[in-house]
Amino acid sequence: MTQTAGFAIDGVVPVIPTPFRENEEIAWESLAPMIAFARAAGASAVCLPAYASEFYKLSEQERLRLIDHAVRAAAGQIPVVAQVNAPSPGLALNMAKAAADCGANAIATAVPRLFAIPEDDLFDYFDRLLAGVKLPVIIQDFNPGGATVSVEFVERLHRAHPHFQYLKLEEAMMAAKAIRVREATADGVKVLEGWGGMYLLDLAPTGIAGVVPGLGPVDLLDRVFRLAKAGQREQACPAFEAVLPQIVYSLQSLELYHHAEKRLLQARGVLDTVVVRRPRMTLSDHEAAHIDFINRRILDLLDEFGLPRNPAA
């Protein structure tokens with residue numbers, strides 16, 4: 001398919017949050033400004049609908065419509081990665097094919113972790129999915145408190161399906177694993193760091209391809225990635241130190257994260273509403289005030305660096 005040509009990640013790939021109106025219907029008109037913001041802020045690509053997009057609260061029709069809207073808004077100016085999380089390979093494949101028909105440039109999919117599944121059976125899941133998808137594929141393995149897929153699994157799956165090109169990991173102390181994945185696949189599978197970019201300063205020098213954070217701090221994290229990758233971690237520290245408290249605080253709970261992310265985007269003039277779809281966490285006055293406090297640190301740093309709060313405005 002023509003949209004596979006030249007797809008490569010080298011930097012930050014923010015997850016686009018799902019914008020909602022006060023009645024919790026999707027605010028379709030708010031999607032294009034976020035895509036424009038990502039592009040103007042230096043993103044390598046955009047991804048949706050993922051965990052940070054509240055995908056688990058969306059119907060399949062809404063998910064596919066979000067992908068279609070994003071592709072249209074991107075207009076070929078920035079790659080769109082379509083996330084197709086599903087508990088069975090058949091469901092994931094159907095969504096992946098539909099996303100490809102919409103014009104997505106790549107497919108991302110999470111390892112099904114609702115219940116424990118042996119690695120040979122996970123291989124069967126992805127073998128079936130990848131056999132039916134010809135776009136570049138990113139596999140996300142988010143398994144809090146448990147082991148993620150092994151390097152042997154990654155090498156075996158890549159050998160069978162070379163278009164499995166990226167592995168997104170969200171775990172502590174993963175530098176050694178990132179290096180082993182690159183070595184085992186001769187850089188055929190590149191590693192992306194998730195978890196908001198919390199370990200970016202540590203991992204950028206290991207040769208990871210990029211980071212998949214929220215949209216709000218995308219330009220600052222792109223700055224951190226490029227400086228750290230170039231061996232200039234001291235210069236990367238001011239931006240990272242401003243963003244890190246927001247990442248750490250918000251990721252105590254994914255539902256808390258949605259509030260923090262949308263409030264930062266509103267403060268940057270990108271998003272009009274900060275509605276999180278039910279079921280959602282109701283913020284206390286203290287939590288709301290603290291989110292605004294740590295978000296202001298990010299705004300202050302943008303001002304200090306002379307960076308626009310909304311580069312797409």
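How many helices and strands are there in the protein chain? There are eleven helices and eight strands, where helices (H or I, at least four residues) and strands (E, at least two) are DSSP runs numbered from the N terminus.

1. **What you are looking at.** This is a predicted model, in which local features need pLDDT of at least 70 and side-chain atom pairs count only at pLDDT 80 or more, while totals for chains, interfaces and linings use all residues. Residues are numbered from 1 along each chain as its sequence is written, and side-chain values use heavy atoms, with hydrogens and water left out.

2. **Overall dimensions.** The C-alpha atoms of the protein chain fill a box of roughly 50 × 45 × 35 Å along the principal axes.

3. Of the 313 residues, 56% count as buried. Buried means under 20% relative accessible area, exposed means over 50%, and partly exposed lies in between (1.4 Å probe, protein chains only). Take the contacts with a separation of 6 or more: residues 24 or more positions apart account for 75% of them, a contact being heavy atoms within 4.5 Å.

4. **Helix H1.** Start with H1 (residues 31-40), where Leu31, Met34, Ile35, Phe37 and Ala38 are buried. These residues cover an arc of only 160° around the axis, which puts them on the same side of H1; the arc is that of the directions from the helix axis to the C-beta atoms. Their cover includes S2, H2, helix H8 (218-229) and H10. After H1 comes Gly42, with a positive phi near 95°.

5. **Helix H6.** What are the buried residues of H6? They are Ala175, Lys177, Ala178 and Val181. Seen down the axis of H6, they fall within an arc of 165°, so they line one face of the helix. Against them pack helix H5 (151-160), S6, strand S7 (190-193) and helix H7 (200-203). Ala176 and Glu183, on the other side of H6, are exposed.

6. Glu170 sits in the loop between strand S6 (164-169) and helix H6 (175-184). Glu170 is buried yet has no salt bridge, and the nearest side chain of opposite charge, Lys168, is 4.2 Å away. For charges, Lys and Arg count as positive and Asp and Glu as negative, with His and the chain ends not counted; a salt bridge is a side-chain nitrogen of Lys or Arg within 4 Å of a carboxyl oxygen of Asp or Glu.

7. **What surrounds Glu170.** The Glu170 side chain reaches the backbone nitrogen of Trp195 at 2.7 Å, and a polar contact of 2.7 Å joins the side chains of Glu170 and Gln140. A polar contact is a pair of N or O atoms within 3.5 Å; within protein, one must be able to donate a hydrogen and the other to accept it, and residues adjacent in sequence count only if both atoms are side-chain atoms. Leaving aside residues up to four places away in sequence, Glu170 touches Gln140, Asp141, Phe142, Gly194 and Trp195.

8. Is Gln140 buried or exposed? At 3% relative accessibility, Gln140 counts as buried, and its place is in strand S5 (residues 137-141). Besides its contact with Glu170, the Gln140 side chain makes a polar contact of 2.9 Å with the side chain of Gln83. Not counting residues up to four places away in sequence, the residues that Gln140 touches include Tyr51, Thr109 and Lys168.

9. **Positive phi values.** Most residues other than glycine have a negative phi, and most peptide bonds are trans. Glu54 has a positive phi of about 60° and is found in the loop between S2 and H2; Glu54 is buried, with a relative accessible area of 0%. Ala186 has a positive phi near 50° in the loop between H6 and S7, but Ala186 is exposed, with a relative accessible area of 69%.

10. **Cis peptide bonds.** The bond from Leu48 to Pro49 is cis, with omega near -10°, and Pro49 lies in the loop between strand S2 (46-48) and helix H2 (60-74). A cis peptide bond also joins Arg278 and Pro279, with omega about -5°. Pro279 lies in the loop between helix H10 (254-267) and helix H11 (285-305).
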